[in-house]
Amino acid sequence: MSITINIEAQLADLSETVRDEIARLLAGNQASKLLEAMKYSAISGGKYLRPFITYNVGKIFDLSIQDVIVAAASIEIIHCYSLIHDDLPSMDNDDLRRGKPSCHKAFDEATAILAGDALHTFAFEILSSENFNKDAEIRCKVINLLAKSIGMNGMAGGQMFDLQYEQLEVSEEEILTMQKMKTAYLFSVSAEIASILAKSNDIERLAIRNYGLKLGLAFQIIDDVIDVEGTEKHAGKKLGKDELAGKATLVSKFGIDYAKMKAHKLSQEAKSHLLALGDRDYNNLIAIADFVIARSY
Ligand code: GRG
């Protein structure tokens, strides 16, 4: 299953819509250094891939951009929060993000920590508001899923393993579990949120969740490949850092070819979960799974 669709052009279109929505959501808050730092990181470059997944899953269930835009923006806000904290000197210590100084370089470390914290809580503020969805049960489901995906058993837990595994010999299973938690759960929740909003049935929801998980894992493995093979100009961040830090990745353990093969297999598996969606038009989701492993940034 492979499809010729220009995902990059579509990503560029949606990026603008998501950026505008984040700007709209942040507008009306009192001007401050903290708000400037939040805007600096959340209304900036980037692929906007996670909101794009939310939008495209929504589309296969006949949801409009208006139906999913707040959820999509909140996912991107969480992602931006994680990038700010990931770049901190105490984490991955990166000076460059999305082709410009990372938040703690453009401002200072304390401001960056607070900007990340404030974006984190802001995402939940948005999702708990009736302006997002009138149905309190839906809001609770979305918030519960997102919170679980980014907490101790999700993104934060995965980041902890990522730091703990530096310079250690760990198994393939440990690497994949860490990457699932650190990266893939947010992809999965980006997809599943749209199926919650669409009130899709359990079989469809599970298929979408698994699609997101496999997609996210493939994405992270290719991210590690780009760290070795990519160019800084294209990636917008410093590369070659994994080897220096002794990061546990499939690339460091088994080499580039194995990592690419594994990412390709995961992308195929992601697509195969979509078969459970029957006649629905999921061509864009297939194209996203192709894009994730073909990308060079
Ligand atoms: C946010 C709960 C929470 C905790 C913070 C710092 C941290 C704990 C987690 C880090 C998670 C992280 C940054 C994982 C890496 C995922 C990754 C490859 C990010 C790059 O994503 P792209 O390429 O970035 O989609 P753009 O700039 O295109 O948006």
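Guide: Gladly. This is a predicted model. We can begin with Tyr-48, which counts as buried because its relative accessibility is 2%.

Visitor: Is Arg-98 buried or exposed?

Guide: The cut-off for buried is under 20% relative accessible area. Arg-98 has 18% relative accessibility, so Arg-98 counts as buried.

Visitor: Which side chains make polar contacts with the side chain of Arg-98?

Guide: Such a contact needs a pair of N or O atoms within 3.5 Å. The side chain of Ser-44 makes one with Arg-98 at 3.0 Å. Another, at 2.9 Å, joins the side chain of Arg-98 to that of Glu-76.

Visitor: Which residues does Arg-98 touch, not counting residues up to four places away in sequence?

Guide: Ser-44 and Glu-76 are on that list. Arg-98 also touches Ser-41, Gly-45, Gly-46, His-79, Cys-80, Leu-83 and Gly-236.

Visitor: There is a ligand. Which residues come nearest to the ligand?

Guide: There are 19 residues around the ligand. Arg-98 is one of the nearest, with Lys-47, Arg-50, His-79 and Ile-150.

Visitor: How many Å separate a polar side-chain atom of Arg-98 from an oxygen atom of the ligand?

Guide: Take two other side chains before that. An N or O atom in the side chain of Arg-50 is 2.8 Å from an oxygen atom of the ligand. For the side chain of His-79, the distance from an N or O atom to a ligand oxygen is 2.8 Å. For the polar side-chain atom of Arg-98, the distance is 2.7 Å.

Visitor: Where is His-120, and is it buried, partly exposed or exposed?

Guide: His-120 is part of helix α6 (residues 109-127).

Visitor: What distance separates the C-alpha atoms of His-120 and His-79?

Guide: Leaving out residues up to four places away in sequence, His-120 touches Ile-78, Tyr-81 and Ile-150. His-120 and His-79 are 41 residues apart along the chain. Their C-alpha atoms are separated by 8.9 Å.

Visitor: Now the spaces inside. What volume does the largest cavity have?

Guide: The structure holds one cavity of 30 Å³ or more. The volume of the largest cavity is about 110 Å³.

Visitor: Which residues lie nearest the centre of the largest cavity?

Guide: Its lining is made of 13 residues. By class, six are nonpolar, three polar and four charged. Nearest the centre of the cavity lie Tyr-40, Ser-41, Ser-44, Arg-97 and Arg-98.

Visitor: Which element gives the largest share of that cavity's lining?

Guide: At least two lining residues come from each of α2 (33-42), α4 (65-87) and β2. The largest share is four residues, and it comes from α4.

Visitor: How much space lies in the second largest pocket?

Guide: This pocket is lined by 16 residues. Among them, Asn-144, Leu-145, Lys-148, Ser-149 and Tyr-185 lie nearest its centre. The lining divides into six nonpolar, five polar and five charged residues. The space in the second largest pocket is about 310 Å³.

Visitor: Which element supplies the largest share of the lining of the second largest pocket?

Guide: α7 (136-150), α9 (172-197) and α10 (202-229) each supply at least two residues of the lining. The largest share, six residues, belongs to α7.

Conventions. Residues numbered from 1 in each chain as written. Predicted model: local features only at pLDDT ≥ 70, side-chain atom pairs only at ≥ 80, totals over all residues. Heavy atoms only, no water. Buried < 20%, exposed > 50% of the residue type's maximum accessible area, 1.4 Å probe, protein only. Polar contact = N/O pair within 3.5 Å; in protein donor to acceptor, adjacent residues only side chain to side chain. Contact = heavy atoms within 4.5 Å. 1 Å grid on protein atoms, 1.4 Å probe; cavity = no way out; pocket = protein on both sides within 12 Å on 5 of 7 lines; lining within 4 Å. Points joined across faces, edges and corners; volume = space filled by probe spheres on them. Nonpolar A, V, L, I, M, F, W, Y, C, P; charged D, E, K, R; others polar. Near = heavy atom within 4 Å.
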